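Student: I would like to learn how to read a pocket and a pair of packed helices. Can we go through both?

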Amino acid sequence: MGHDANLKAKVRQLPDRPGVYLMKDRLGRIIYVGKAKSLKKRVSTYFQRSRARTIAQPKIRALLGLIADFDIVEVKSEPEALLLEGKLIKQWRPRYNTDFTDDKRFLLVRLDPGEELPRFRLTRVKRDERSRYFGPFAHSGPLRRTLQQMRRRFGILLADATPRALPDGRWQLYDDIREEIYEHPAIVTRDEYRQRVEAACEFLDGRSREWLASLREEMAAAATRRAFEEAAALRDVVFALEQTLKKTRNFTRTDPTRPGGDEDALRALQQALGMPQPPQAMECFDISHISGTFVVASMVHFTDGRPDKAQYRRFQIRSFVGNDDFRAMEEVVGRRYRRLREENRPFPDLVVIDGGRGQIGAALKAFLALDCEPPALIGLAKKEETIFFPDAREPLRLPLTHPGLQLLQRLRDEAHRFANTYNADLRSRKIRESILEDVPGLGPSRRAALLEQFGSLDRLRAATADEIAEVKGIGPRLAAEIAAFLAQPG
């Protein structure tokens, strides 16, 4: 497996105590997390040549071939190691740990607050951050019975309901109120129905927390009697349920301009991307256009996890006319870092490109044209929030709750906002300047000369006829006509 003498010496120094070990690849990324009754005995098995030859499973053989380093965390007991292992797997989602990261076997109850009349639906996948989720629930039968009970107790809608809008703005929830809702009217206003929904949510949230307490007791009992596989399965459900309950209390996205840095997010991002240090300086690029017109680009800069607006930059595309995001990205990345190199200023620790393989390939091409080594470079594709790398690494999908991903989203969203604002400003300016097309005798070249001289239509309006006449190609007579035209009200 190519492990050097230093790594083997590190193994020999491991303690004969319980703990958790984190296996890393050559880029420092965590690829596997495991627990051990004895760290010394367990970790040493990964570096035995005889074991590598006898393992039948291709996945495990592949893991052994990728291990280049490891870290350990000592704990006091096996049950504590069990809990810490699950926590770290949930945090880092290593590619060779699958048991803890697959929550699709559990049912969730989903509620979309954006619906006119929100309904309670069953799902196995968290589809979006806007919806509210309850669960996960391991057994479908009791959960379905609970929802039927809630429909009668609170008068809420399930997925199979087809409410009917009435002419007076109210809603008829069911045709047969005696069958479906025993104690609640079938005809309600939107606000009355939403009060029912809130009461049902409190009930379902309470049921989830009761179940969580029961699961914790079962997990502790299983660990005490040393039934660690059973305890691990229970722990998996506990962690998933805790995460879901935490998210139901927080629906507000973090403001990208909030005060204070985000050291935890920076460290999480460092670990996820396999960087040697947290990315204290990050820059993100975004392209904005309307069907190939008004093509502009933005670059935003974050320092210590927060916006550094003094270093924001915006670009108009110079090298071509039309709709080509890749060429536009190559141009603006090249312009930015050529300028930094010429001014002998440092590059950022991380460059983020809004987009996937095509956009990141264009950015890499810009660095190659500059004949300089790029800093850490990634693309963030919005469709599934997938991270792309410019090398042979597989795309990375972090959980939506990962603080490092959330920091990247804030960075990307700020670049998108800044690009769109510039695009809107540019369109507005072009629309205002189009008034010059109505000036008799003023062709395209003279209009361009006027705007180049004065910089904007507002400055041109403020100029005198004599000042306008100083522009090449504009004589005194035409200058007087322009000044009079612009002086007209409206």
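This is a predicted model: local features need pLDDT of at least 70, side-chain atom pairs count only at pLDDT 80 or more; totals for chains, interfaces and linings use all residues.

Student: What is the volume of the second largest pocket?

Tutor: The second largest pocket has a volume of about 900 Å³. Of the 33 residues lining this pocket, Arg29, Arg95, Phe389, Glu394 and Leu396 are the closest to its centre.

Student: Which elements give two or more residues to the lining?

Tutor: They are strand S2 (30–36), helix H10 (263–273), strand S16 (376–381) and strand S18 (396–397). By class, the lining has 18 nonpolar, six polar and nine charged residues.

Student: Now the helices. At what angle do the axes of H11 and H12 cross?

Tutor: The axes of helix H11 (residues 325–342) and helix H12 (residues 357–370) cross at roughly 40 degrees and come within 8 Å. Angles under 35 degrees count as roughly parallel and 65 to 115 as roughly perpendicular, so H11 is oblique to H12.

Student: Is the crossing left-handed or right-handed?

Tutor: H11 passes H12 in a right-handed crossing. Among the residues in contact are Phe326 and Tyr337 of H11 and Ala362 and Phe367 of H12. The contact divides into nine nonpolar, three polar and four charged residues.

Note on methods. Residues are numbered from 1 along each chain as its sequence is written. Side-chain values use heavy atoms; hydrogens and water are left out. On a 1 Å grid over the protein atoms alone, a cavity is a set of points where a 1.4 Å probe fits but cannot get out, and a pocket is an open set with protein on both sides within 12 Å along at least five of seven lines; lining residues have an atom within 4 Å of a point. Grid points are joined across faces, edges and corners, and a volume is the space filled by probe spheres set on the points. Helices (H or I, at least four residues) and strands (E, at least two) are DSSP runs, numbered from the N terminus. Ala, Val, Leu, Ile, Met, Phe, Trp, Tyr, Cys and Pro count as nonpolar, Asp, Glu, Lys and Arg as charged, and the others, Gly among them, as polar. Axes are lines fitted to C-alpha atoms, for helices over the stretch in contact, and angles run from 0 to 180 degrees between N-to-C directions. Angles under 35 degrees count as roughly parallel, over 145 as roughly antiparallel, 65 to 115 as roughly perpendicular and the rest as oblique. A crossing is left-handed if the near helix is turned anticlockwise from the far one by less than a right angle, and right-handed if clockwise. Contact means heavy atoms within 4.5 Å.
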